[in-house]
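Here is a short tour to read with the model open beside you.

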Amino acid sequence: MTKIDDKKLTVITTHINADFDALASMLAAQKLYPGSIIVFPGSHEKSLRNFFIKSMVYLFNMADIKDIDFSNIKKLVLVDTKQTSRIGKFASILKRSDLEIDIYDHHPAMANDIKGNYEVNRLTGATVSILTEIIKEKGIGLSPDEATVLCLGIYEDTGSFTFSSTTETDFVAAAFLISKGANLDIVSNLISREINAEQVGLLNDMIQAAIHYNINGIEVVATCVTTDDYLPDFAFLVHKIVKMENIRAIFALALMGNKIYIVARSRIPEVDVGIILAPFGGGGHPFAASATIRNKTLAQTEHELIEHLYKSIRPKKWVKDLMSSPPIMIKSDVSCRDANNFLTRYNVNALLVTDKAEDNGSKERLVGFISRQIIEKALYHKLDYVQVKEYMTTELSVVGSDADLPEIQKKIIENKQRILPVVDDGAIKGVITRTDLLNALVRQTQDSTTDLLDRRTERVHARTRNVARFMNERIPERLMNILKTSGETASEIGYSAYVVGGFVRDLFLYRANEDIDIVIEGDGIAFAKKYAEKFNARIHAHKKFGTAVIIFSDGFKIDVASARMEYYKFPAALPTVEMSSIKLDMFRRDFTVNTLAIHLNLNKFGTLIDFFTAQKDIKGKTIRALHNLSFVEDPTRAFRAIRFEQRFGFTIGKLTSGLINNAVKMDFFKQLSGRRVFNELRQILEEENPVPAVKRLYDYKLLKVIHPSIKINEEVVSLLNSVKKVLSWHDLLFLEELYMKWAVYFLALVRHCDDKTSDEICTRFELSPRHKTIICKERFQADKCLLALERTRSVKDSFLYKQLYGFKTELILYMMAVTKQKRIKKSISRYFTNLRYVTTSVTGKQLIKMGLKPGPIYREILEAVLYAKLDGRLKTANDELKFASDYVSKF
């Protein structure tokens, strides 16, 4: 080390945790500032220390920072940094007015950069490349050892010229240094150094801890590790993992002792690690940066970093990310009236116009577009019969699917074009609207105070992340195999497959759900046939809707649908279905929470797609409709909103609630078929606890859809709760016999309706004869039976049996729920669990032996024996036979 006694020092320094570029830059600066002293501001990589001790330390006029009197420093030369937070103790003298500061750096400028009296700042792969160029220009001599050190800095910071940050200046500088005798064997040995067992262990920990985040469409890896002591060469290990795992962007966090070190590397322009780590007191350039954190936990730092990544990373927008596909198109000979119907049907403001291509009879040729404004004017002037080709815009720009956002912006704005077609090799792939462009430019997000956006007119881009690991943890092995083989089969025939809807929703609600719905971008029936053929299953197909059910040999089923869009010809109509893509398929769903999809194809397996902030609504426990006309198009969604709200413990959003009230006010339900209303009501009554949902139906005045006379008051609520208790009791018996849970609740709901009203309800709901008999006939018989039991002070078992025998399970449970007398409830319970199974041992053959001729008398005798047995008067088979014999002797 150099002895320090100079009163006017020129000190060359760099950033804490110095690397080879910093070291080389200090040596190069020493050549430009004769008599200067090199001082490290703090720690540096262990490989640098070994390098100094074993080889080239003689090249450096170096001093220890402890031996420096800071008051004697007159000039501070900073290399490879200009950040106050990265120069250690030297930051304390920056405000001195008599201090000259010279800066040489290759990092991008930032707001909090140190301001120098003299600065050389250029974007190169390494800072030493800039200094080498100056040395070359000034004709300053370099020894082979000095050239080797400088070359080492270039090779390390450019990744041997493989990093995206590498520039022509780096190549030229390296060539110059080689001409000066730089030894590439030494460079290669130091760059590709072996790692020891401790480093191998840490590298393995980094790989195992790596988490892949999909942030705004960009995959970023974060990994966190902990060691008791400082482990050198952490940056080198990060470089290793990048190469081994082919990572595009990584943030590695290591808690070493009481400090947290962050090393970041990026090979893509969308992730500027230098800017990202700046708020953490770090620095670097777009492709390599680091930071040191004190007084924070590793978990806290990781959380803050990931949160910052979501705010900072903005992907480059391409046509394929923004366009709507398939495009809505019309033929040029379509009338303006029909074109207007298309605009309304698909809720769009412009249509592409096509003709048949002359060279290919099946291919569509783009000839123009026509807007809603033009169509409306044509209709106003009573030109509804005129073909759209007469008024369409024929001068229009198009883009290819590989165009980026600036090109899209230029063509839409400069040409004042409402809709921009996407065309590849003459094939029309999709469209981009002005709204799409605006959303992309301002990066619109849903305002936290907004309850709902009309997502069919305002395009929302999908949020994606990979959930394959989560799926493996949550989904049974058999179902995972079905999902994976579905993706494989789809890939084989060139389709995309997704699992969608309730299965995905319940996955994130931690609820078991084995109802798998697969959506295919392509022909769903063709996929189902291929899958069934491969796995020895059979299918039921419905060509009209493009759907199929795959049935396995053990009876397990999965539903398959072609991605489709639906439109409604009038309020409450059944939807008209057309083929579509997964994006438009999601548009037709009822609520945001049901719009999640998971990609199943092998190359994207486990990628969660969220177009409509479903994850946010699941987390916020909110039921929201997708668009403002949702309940106009399908009023039954109001019933489903309530069912989901109560099942999941969610809340219907404010605007969605208002839309339901509007649908009730406008009485759109009157156009619904009774069968559709009944199906929705039955599903509510099949819920684990439908009582709160029924109360909500009443709150929204939806019970009047069943019948105006049905009301909810304390008495009805009490009865429904009683039904719930009785059904819970029944289910705990674990009987194998099936019963209709919904029917018991429904009987309680209509209990006060007379026979005429009951008949009207059954007719309105189009109930089957069997169900109608229960509601309109047997219910009244059950009420009479219950009245008889309640009026009988002491109910014998034989009397109980006579009254209840022949009633269906649903009616017996109904009577148990209705009665307020505990003794009657216990009696009915005794009949259901015991008495109804009692039989006699006496047979018809035995009666014949007694000399009695077969006839109606047999039934009378056998019933008498049964009733005596029920009342406890007969204990054994001999008792029964003797009783029968005595009974016969009376005749």
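Which residues of strand 21 are buried on one side and which on the other? Thr 547, Val 549 and Ile 551 are on one side and Ala 548 and Ile 550 on the other, and all are buried. Buried here means under 20% relative accessible area, with exposed over 50% and partly exposed in between (1.4 Å probe, protein chains only). Helices (H or I, at least four residues) and strands (E, at least two) are DSSP runs, numbered from the N terminus.

This is a predicted model, in which local features need pLDDT of at least 70 and side-chain atom pairs count only at pLDDT 80 or more, while totals for chains, interfaces and linings use all residues. Residues are numbered from 1 along each chain as its sequence is written, and side-chain values use heavy atoms, leaving out hydrogens and water.

**Strand 21 and its partners**

- Five of the five residues of strand 21 (residues 547-551) are buried, so this strand is largely enclosed by the rest of the structure.
- Two strands count as paired if DSSP finds at least two bridges between them; strand 20 (residues 538-542) and strand 21 pair in the antiparallel sense over five bridges.
- The bridge partner of Arg 538 in strand 21 is Ile 551.
- The hairpin of strand 20 and strand 21 has four residues between the strands, and Gly 546 takes a positive phi near 65 degrees there.
- Strand 21 also pairs with strand 22 (residues 557-562), in the antiparallel sense and over five bridges; Thr 547 has Ala 561 as its bridge partner in strand 22.
- In the hairpin of strand 21 and strand 22, with five residues between the strands, Gly 555 has a positive phi near 95 degrees.

**Strand 25, covered on both faces**

- In a regular strand the side chains alternate between the two faces of the sheet.
- Strand 25 (residues 596-599) has Leu 596 and Ile 598 on one side and Ala 597 and His 599 on the other, all of them buried.
- Strand 18 (residues 496-500) pairs with strand 25 in the antiparallel sense over three bridges, and Val 500 stands opposite Ala 597.
- Strand 26 (residues 607-610) pairs with strand 25 in the antiparallel sense over three bridges, with Leu 608 as the bridge partner of Ile 598.

**Nonpolar cores**

- A nonpolar core is a set of buried Ala, Val, Leu, Ile, Met, Phe, Trp, Tyr and Cys residues joined through side-chain atoms within 4.5 Å.
- The largest nonpolar core has 125 residues, and Leu 483, Ile 518 and Met 815 have the most contacts inside it.
- Apart from that core lies another, of 43 residues, among them Ile 130, Ile 135, Leu 142 and Phe 176.
- Leaving aside neighbours within four places in sequence, Leu 483 is in contact (heavy atoms within 4.5 Å) with residues including Ile 475, Val 499, Ile 518 and Phe 605.

**Aromatic rings**

- Rings of Phe, Tyr and Trp (its six-membered ring) pair if their centres lie within 6.5 Å; planes under 30 degrees apart count as stacked, over 60 as edge-to-face and the rest as tilted.
- By this rule the count comes to 25 aromatic pairs.
- Phe 639 and Phe 669 form an edge-to-face pair, 6.1 Å centre to centre with 85 degrees between the planes.
- This pair links distant parts of the chain, 30 residues apart: Phe 639 is in helix 23 (residues 637-648), and Phe 669 is in the loop between helix 24 (654-665) and helix 25 (674-685).
- Both Phe 639 and Phe 669 are buried.
- The ring centres of Tyr 801 and Tyr 831 are 6.0 Å apart and their planes are at 70 degrees, so this pair is edge-to-face.
- Ring pairs link Phe 527, Tyr 531, Phe 535, Phe 552 and Phe 556 into a cluster.

**Helix 31**

- Asp 797, Ser 798, Leu 800, Tyr 801 and Leu 804 are buried in helix 31.
- Seen down the axis of helix 31, the buried residues fall within an arc of 160 degrees (taken from the directions from the helix axis to the C-beta atoms), so they line one face of the helix.
- Helix 30 (769-791) and helix 32 (809-818) are among the elements that cover these buried residues.
- Gly 806, with a positive phi near 100 degrees, follows helix 31.
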